[in-house]
Amino acid sequence: MTQDFAALNAHAMEVAAAYDDLSTKRIGRPWTNQEVALGFVGDVGDLAKIVMTLEGTRRIDGIGLEQLEHELCDAIWSCLVLADRFGIDIGEAFPRQMQDLVRHVSELRADEASTDSATPAG
């Protein structure tokens with residue numbers, strides 16, 4: 001990683017402001033949150049197609065890691081923009097959410113282990 005999160009987020013907001021200016025010139029207003037979310041959905045669809053191509057389950061000529069990198073960054077950008085617009089401090093929320101996921105996985109593993117030990121070997 002070459003930049004800290006705050007710097008990446010700040011850069012994403014600069015790009016968002018530039019897109020807002022461009023959109024205002026083109027259609028008279030910035031994109032709504034719904035439009036940003038729809039753009040994100042399109043990026044995720046493109047990301048899925050690229051992953052399928054890289055994994056060999058779909059064929060699209062000219063697809064490589066550069067295209068995957070592009071779509072991953074587009075998706076992250078959309079998430080950062082939406083978080084900012086809804087007042088979510090993603091830098092604070094992400095570690096907390098990851099800790100919740102770690103706790104959840106640990107609970108699932110514990111449940112699985114207790115089920116395995118209660119099942120007679122056969």
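Tutor: Residue classes are needed at the outset: Ala, Val, Leu, Ile, Met, Phe, Trp, Tyr, Cys and Pro count as nonpolar, Asp, Glu, Lys and Arg as charged, and the others, Gly among them, as polar. This is a predicted model, in which local features need pLDDT of at least 70, side-chain atom pairs count only at pLDDT 80 or more, and totals for chains, interfaces and linings use all residues. Residues are numbered from 1 along each chain as its sequence is written, and side-chain values use heavy atoms, with hydrogens and water left out.

A pocket here is an open set of points on a 1 Å grid over the protein atoms alone, where a 1.4 Å probe fits, with protein on both sides within 12 Å along at least five of seven lines; its lining residues have an atom within 4 Å of a point. The largest pocket holds about 800 Å³ of space, a volume being the space filled by probe spheres set on the points, which are joined across faces, edges and corners. Its lining comprises 27 residues, with Val-15, Cys-73, Asp-74, Trp-77 and Ser-78 nearest the centre. Two or more lining residues come from each of helix H1 (5-27), helix H2 (33-55) and helix H3 (65-85); helices are DSSP runs (H or I, at least four residues), numbered from the N terminus. H1 contributes the most, twelve residues. By class, this lining has 17 nonpolar, five polar and five charged residues.

The second largest pocket has a volume of about 220 Å³. Among the residues lining the second largest pocket are Phe-5, Ile-76, Leu-80 and Phe-94. H3 and helix H4 (90-118) each give two or more residues to this lining, and H4 gives the most, with four. Seven of its lining residues are nonpolar and one is polar, with no charged residues.
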